[in-house]
Every structure is written in structure tokens, then in C-alpha cells.
Amino acid sequence: MSDATGTLLEVDDLRVDFPTRTGLVQAVRGVSFSLGRERLGIVGESGSGKSQTGRAIMGLTPPQALVSAKKLALDGIDLLAMPARQRRALRGKRIAMILQDPKYSLDPVMSIGRQIVETLRTHEKVSKGEARERALAMLEAVQIRDPARVFDLHPHEVSGGMGQRAMIAMMLIAGPELMIADEPTSALDVTVQLDVLGILDRLVSERGMGLIFISHDLRLVASFCDRVIVMYAGKVVEQLKASELREAQHPYTRGLLNCMPKIGYERHPLPVLDRKPEWAA
Ligand SMILES: Nc1ncnc2c1ncn2[C@@H]1O[C@H](COP(=O)(O)OP(=O)(O)O)[C@@H](O)[C@H]1O
Ligand SMILES: [Mg+2]
């Protein structure tokens, strides 16, 4: 449930630092935004801090990472002040994260159906029979045509696109309010990508979830999201409505737009992404 203002997530001055032998790596340097029940895109080149931002919200940064924020709250609940056990219980239940490659999220030695059932049963007291029914319905909701058959298959027995759908089913089974999708379609063929995006889109609007969609593909994000945050070197350089993308002001954003290949175009030489130290200041 969101509060009276409709705000689901508040992020104020989020920082993620990694102490290393050669000094402090500042992966996220003061990111702020708030999210309602909408689709927010986070874009930026590789290494700009997108994944660490998502992971910090989820509470899944690497153990050596130092996470701090003036505010990091889900539905008004302070996520950073919460005991680890409570934070774990929130994951999967109220916040879910979909990763690029289902290989790392699905257990290779457990059938797809059992994984979904067990995820549900960690978060809710339901009978085995009811859990199975709900898992089958969820597989159907992610457009798996023969849920009863897929239920008994292991992850290696299905295609990448099917594995990705199964993972989405597992992430959504407990009915999270916030979903973070980190490059969820990058490992998939273009046609399967569009299928998966369509499924996410429908689930977000039907279930009224908030979605954070992380991608390096500015055009994809703009066509899929309501709002876009552009990150560079751990900072937000620009926030836009998706519809305002063409009028983007920041030269980095314009550079990202120009670097996206257009189908049916051949450009020589290939554009190079411009980077200026003052954008990171
Ligand atoms: N375990 C780590 N130790 C040190 N630095 C890290 C670690 N993980 C990520 N980083 C640094 O954090 C920065 C942001 O990483 P990331 O959020 O994964 O970028 P993106 O998802 O935008 O490609 C990168 O510069 C990376 O080098
Ligand atoms: Mg990443």
C-alpha cells in the first residue's frame, strides 16, 4: 500500500562506496528520486551505477559495499534502519528484482514449479495444493502456454526466453509492490525481448506495481517507461518524461541517443560517446 501522496519509494542522496586497496570506489554518488505506481527507467552507459542503485534499494549490494542515504524508504518504512532479517523478509514479498540472466536466479537442480511454490510458501502460509494452483496461474500470466508441463521442467530444459518468464513468475508470485528489472531482456532475442516487455507492462498496469527498469538502451526505456533518469559516473545528470526524450538537454543524454544504432542506417564513422569530467562533478 502506498501512502496518501501515492509515493511508493523515496530515495534521497543514496550512496554506494566500495573500499578497495587502491582507494574508495564511489559507485553511486548521491542519487535521489521518488517513485509512485509508475514505470521509471534508469539509463546510462556501462559502469554508471545503475545496477548498484537497484541493488542498494533491494538490499543486495556485495558485502563489502557501504550503502548510505538521507532517506531510503519503501511506503514510508526506513529500509536502512531495518534489521537484516526483516529486510530479507521484504525481498520477494514487497520488492522483487529481475536480473539479466535467469541462469543466476533460478536454481538449476530444482524444477521450475517447485521453485515458484517454495518462493510463495516462504512468504505466505498456503497449502501445497493452493501454492501449486497459484504457481500454475502465475506461469500462465507470464504467457507460458503449457504451464502444467513447464512446472515439472528444470531450468536447463527451457529456452532463454522461457527461463526469463519463469523467473518473472517466481519474482511476482508473492505480489510485490515494487519491481526492479535490471537489463531483464538484454540476453534475449529481439522478438522475445518485446514479448517479455509486453508481459511486464501488462503485469505492472494490472497489478498497480511500481517498476524500475534499468537498461543501457535509452530508446527502449523511453518507449516503455513513463519517466527516465539518466545516470553518469554514479550521478543523475538528467530526469525526463519519456515523451520529452527528443528534447533532452544534457549533452551526455544526447550522446546516448546518438549512439543507439538505427536499423537500416549505416553510419561512418561510428559515433563515439562524449564524456566530460564536469558532468561528473
Ligand atoms: N564489488 C565491487 N567492488 C568495487 N567496485 C565495484 C564493485 N561492483 C561495482 N563496482 C563499481 O561500481 C560502478 C558502478 O557499477 P554498476 O552499478 O554495476 O554499473 P552499471 O550497472 O551502470 O553498468 C562501476 O564503476 C564498478 O566498477
Ligand atoms: Mg548493470
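**Ligand site and helix packing**

Mentor: This is a predicted model. Begin with the ligand: a nitrogen atom of ligand 1 is 3.3 Å from an N or O atom in the side chain of Q64.

Trainee: Which residue has a side-chain N or O atom 2.8 Å from an oxygen atom of ligand 1?

Mentor: The residues around ligand 1 include E45, S46, G47, S48, G49, K50, S51 and Q52. From S48 a polar backbone atom is 3.2 Å from a ligand oxygen atom, so that contact does not involve a side chain by the definition of the pair as N or O atoms within 3.5 Å. The side-chain atom at 2.8 Å from a ligand oxygen belongs to S51.

Trainee: Are α3 and α6 roughly parallel or roughly antiparallel to each other?

Mentor: Helix α3 (residues 112–123) packs with α6 at an angle of about 20 degrees, and their axes are 8 Å apart. Angles under 35 degrees count as roughly parallel. Therefore α3 and α6 are roughly parallel.

Trainee: How many charged residues does the contact of α3 with α6 have?

Mentor: I112, Q115, I116 and T119 of α3 make the contact with A166, A169 and M170 of α6. By class, five are nonpolar and two polar. The number of charged residues is none.

Trainee: How is α6 oriented relative to α7?

Mentor: Helices α6 (residues 160–172) and α7 (residues 190–207) pack at about 15 degrees, with axes 10 Å apart. Since angles under 35 degrees count as roughly parallel, α6 is therefore roughly parallel to α7.

Conventions
Residues numbered from 1 in each chain as written. Chains lettered and ligands numbered in written order. Predicted model: local features only at pLDDT ≥ 70, side-chain atom pairs only at ≥ 80, totals over all residues. Heavy atoms only, no water. Axes fitted to C-alpha atoms, helices over the stretch in contact; angles between N-to-C directions. Helix = DSSP H or I, 4+ residues; strand = E, 2+ residues; numbered from the N terminus. Parallel < 35°, antiparallel > 145°, perpendicular 65-115°, else oblique. Near = heavy atom within 4 Å. Polar contact = N/O pair within 3.5 Å; in protein donor to acceptor, adjacent residues only side chain to side chain. Contact = heavy atoms within 4.5 Å. Nonpolar A, V, L, I, M, F, W, Y, C, P; charged D, E, K, R; others polar.
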